[in-house]
Amino acid sequence: MNKTIIVSNRLPVSLQLKSGKFEFKASAGGLATGLGSIYKQGENLWIGWPGNAVEDEEQQKEVTEELRKLKMAPVFLTKDDIELYYEGFSNETIWPAFHYFTQYINYEDAYWEAYLEVNRKFCQAILDIAEPEDTIWVHDYQLLLLPMMLREALPDATIAFFQHIPFPSYEIIRMLPWRKQLLEGMVGADLIGFHTYDDMRHFLSAVGRILGLSNESGYIQADHRLVNVDSFPMGIDYDKFANAATSRKTLNKKKKFKDQLGGQKLLITIDRLDYSKGIPQRIRAFDRLLDQREDFHGKVSMIMVVVPSRAKVQSYVKLKKEIDTLVGRINSKYSTLNWVPIHYFYRSFPFEELSAFYSMSDIALVTPLRDGMNLVCKEFVASKTDQDGVLILSEMAGASKELVDAILVNPNDISAVEQAIVDALTMGEDEKKSRMATMQTSLKKYDIFQWVEVFMDRLSHVKQRQQEFQSKALDKTIIQEIVSKFKLAKRPIVFLDYDGTLVGFKSRPEDAYPDRELLEIVDGLTKECEVVLISGRDKETLGKWFENQPVEMIAEHGVWLKKGDQSEWELYADVDDGWKDDIRQVMDYYVLRTPGAFIEEKHHSLVWHYRKVESGLGDLRMRELFSHLKYMASGHNLQVLEGNMVLEIKRPDINKGRAATAFMRGGDYDFILALGDDWTDEDTFKAMPKDSFTIRVGYDYTQANYNIKNPTEVRKLLKQLIGSR
Ligand code: GDG
């Protein structure tokens with residue numbers, strides 16, 4: 001049976017050596033709990049670093065055996081690995097870049113080398129255990145290269161990746177010298193998940209611009225594989241926090257703390273020590289409040305928990321000093337004998353105390369400058385079972401997309417944060433309850449277990465979609481089947497796309513005229529069956545090229561039709577081109593900046609050609625224009641299509657599929673063959689009845705039943721049909 005392997009940098013246990021013996025302390029984190037429903041079943045397991053350098057082989061054996069009992073397998077990292085891969089590339093390069101702290105990015109080749117090496121180590125550890133068709137779910141930014149490494153070794157495996165931290169704008173990603181390798185590493189997965197739509201959008205844009213891979217509704221075609229990118233906002237173990245809040249242990253702690261503190265209003269803040277959390281900014285806002293509102297003195301205190309982290313990284317050492325100084329200054333400035341403004345703890349607390357802090361606090365101040373999701377704010381909401389609390393939440397936290405009933409603030413705007421605290425302190429009971437209730441309903445529903453389920457469902461859906469898209473190369477047997485069915489058919493019809501299908505591409509579109517061989521093929525075919533040339537080309541060119549042939553022609557993706565026995569073109573679809581002026585202006589701008597590009601105007605569409613543009617530049621500009629047009633297209637209800645060296649914008653209701661369907665109506669055809677080479681032909685393939693033969697030229701993902709190599713092979717196939725009846 002296929003198993004599921006969870007992979008993360010850290011295992012959900014930490015390994016400690018106590019008087020010569022190893023001890024494993026289980027992590028109570030939400031992710032570990034949520035994924036427990038997976039890795040604890042059957043043959044499944046979790047692979048990762050146990051959190052300590054174990055270099056002695058005997059000891060490694062012992063640790064491996066102990067971990068096996070917990071359904072885990074270790075990846076042993078050396079002290080150097082930890083320094084260069086973990087503290088180095090992961091935390092001094094990717095972390096600051098992905099959180100928009102570009103000033104802290106450390107560009108060290110040695111870090112990169114170690115990152116590559118440790119990702120390989122993880123890959124090897126997985127390969128030692130994995131079967132070819134297992135499911136492997138990789139977590140987070142320390143392992144961005146792993147999905148592709150795994151894909152190369154296990155091409156049929158189901159590989160998923162989830163990133164817990166933000167994915168920044170292309171403008172940031174492009175700064176990294178290793179941007180291409182990092183993105184290529186990620187697209188080895190079948191499903192790539194982020195917390196928010198913005199992260200997903202940024203990733204798709206970076207993949208488009210840096211790897212040249214476009215996407216359709218979150219689906220990327222990478223190297224003949226379909227990859228899905230989507231957002232999955234992570235939840236918490238809601239019941240655990242809600243139940244703990246009313247447990248005896250928590251109630252006892254709460255009473256003890258309250259007795260010590262007195263009746264002041266409490267503001268809670270809990271973070272790992274990190275510059276992304278906005279801790280100094282938050283303290284300054286509190287300082288300002290106390291400075292301006294003496295009436296709050298003695299009536300409100302902040303409980304500030306800062307959990308030690310990355311103590312060896314220079315920027316963290318500096319941050320710690322800054323926080324210490326700020327807290328010291330405020331406390332010395334405002335404290336009285338029976339009131340301290342900030343209760344500051346630089347350590348972590350056991351769960352019951354954390355739960356007591358959450359449930360006894362009136363306000364949670366969660367103001368990161370940037371955060372992938374942020375679970376603290378969700379845990380606070382779940383813990384406020386009496387609904388008597390207010391959440392102040394940064395707009396820059398992924399959670400703000402869900403918790404819209406919090407007081408949302410820009411954490412850089414100190415006076416806005418100060419005002420939010422005042423609003424929270426003076427908020428009416430009914431409003432507090434109603435906001436809290438709405439947030440609780442949503443967090444209860446979308447908890448961590450639901451998150452895991454939705455993600456895994458999506459993963460099976462993607463695999464299913466890949467299967468549907470998997471088409472077969474046209475082999476001799478299928479060609480024979482096509483020929484013999486064609487032979488017996490009473491009313492056969494053949495739809496042929498032109499460019500890329502019957503002829504190869506030329507740098508000037510007008511040079512791709514039909515050569516003699518092609519004219520003979522078309523002529524021969526029309527004697528056997530109905531032949532429909534279905535192209536995006538304009539009617540004048542097509543008409544001229546096939547002037548004397550009894551061939552049916554559909555031009556401009558279905559706008560025009562010319563029957564073989566007629567000499568005039570008829571309009572096959574309504575044309576409304578009121579939108580063209582706006583779009584043409586944008587396209588013109590991209591023509592000006594791109595030597596060799598030009599615009600072709602068709603009745604229902606505008607086409608931006610870049611065949612003649614210097615390679616690389618054409619692709620780059622096309623991507624820029626693509627995102628620009630996509631943005632404009634939604635306002636005009638238009639569709640942007642990427643063709644072979646062209647970008648076309650048109651009305652969505654005009655396409656080859658619609659035209660082909662209309663053409664066949666009432667025709668009673670008993671043999672249908674359709675050939676095409678790009679996205680515009682996918683509409684034709686989709687529209688064809690089930691028993692048709694649909695063939696896409698080139699080995700791309702397609703809805704067609706088969707793939708064929710190139711126009712030369714297409715011609716060979718068509719020649720076999722001639723004279724067969
Ligand atoms: C990443 C992303 C994303 C904190 N202090 C104590 C303690 N904690 C627990 C909290 C919470 C967790 O730590 C912190 O969660 P965050 O979400 O804030 O941040 P990370 O886990 O560092 O980070 C983040 C997350 O992944 C999930 O995808 O939300 O954006 O950076 O659960 O309760 N727990 C205990 N004592 C403490 O003193 N017991």
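1. Strands and helices here are DSSP runs numbered from the N terminus, a helix (H or I) having at least four residues and a strand (E) at least two, and two strands are said to pair if DSSP finds at least two bridges between them.

2. The model is a predicted one, in which local features need pLDDT of at least 70 and side-chain atom pairs count only at pLDDT 80 or more, while totals for chains, interfaces and linings use all residues. Residues are numbered from 1 along each chain as its sequence is written, and side-chain values use heavy atoms, with hydrogens and water left out.

3. Of the 725 residues, 57% are buried, where buried means under 20% relative accessible area, exposed over 50%, and partly exposed in between, with a 1.4 Å probe and protein chains only. Among contacts between residues at least 6 apart in sequence, 70% join residues at least 24 apart, a contact being heavy atoms within 4.5 Å.

4. The protein exposes about 31,300 Å², of which carbon and sulfur atoms supply 48%; such areas come from the Shrake-Rupley method with a 1.4 Å probe, and for residues only the protein chains shown count as cover. There are 93 positive and 108 negative side chains, and the centres of the two sets lie 3 Å apart. In this count Lys and Arg are positive and Asp and Glu negative, with His and the chain ends not counted, and each charge is placed at NZ of Lys, CZ of Arg, CG of Asp or CD of Glu.

5. The strands β22 and β23 belong to an open sheet of nine strands with mixed pairing, in the order β18-β30-β29-β28-β19-β20-β21-β22-β23. Its edges are β18 (472–473) and β23 (570–571), each of which pairs on one side only. Helix α18 (residues 476–488) lies across β18, β19 (492–496), β28 (671–676), β29 (693–697) and β30 (706–708), and runs at about 135° to β29. Helix α25 (residues 711–721) lies across β19, β28, β29 and β30, running at about 160° to β28. For these angles, axes are lines fitted to C-alpha atoms, for helices over the stretch in contact, and the values run from 0 to 180 degrees between N-to-C directions.

6. In the loop between α18 and β19 sits Lys 490, which counts as exposed because its relative accessibility is 76%. Leaving aside neighbours within four places in sequence, Lys 490 is in contact with Asp 670 and Arg 725. Helix α24 (residues 679–687) has Thr 680, Asp 681, Glu 682, Asp 683, Thr 684 and Phe 685 as its buried residues, and these pack against β26 (639–642), α23 (656–664), β28 and β29.

7. A second open sheet has six strands with parallel pairing, in the order β14-β13-β12-β15-β16-β17. Its edge strands are β14 (342–345) and β17 (407–409), each pairing on one side only, and the twist averages 15° from one strand to the next. Eight bridges join β12 to β13 in parallel, with Leu 266 standing opposite Ser 301 in β13. Helix α13 packs on this sheet, touching β12 and β13, and its direction makes about 135° with that of β12.

8. Helix α13 (residues 351–360) is largely enclosed by the rest of the structure, because eight of its ten residues are buried. The elements covering its buried residues include α9 (238–245), α10 (248–261), β12 (265–272), β13 (300–307) and α14 (376–383).

9. Strand β7 (residues 158–162) has five of its five residues buried, so it is largely enclosed by the rest of the structure. Both of its faces are covered, with Thr 158, Ala 160 and Phe 162 buried on one side and Ile 159 and Phe 161 on the other. Strand β6 (residues 135–139) is joined to β7 by five bridges and runs parallel to it, Trp 137 standing opposite Ala 160 in β7.
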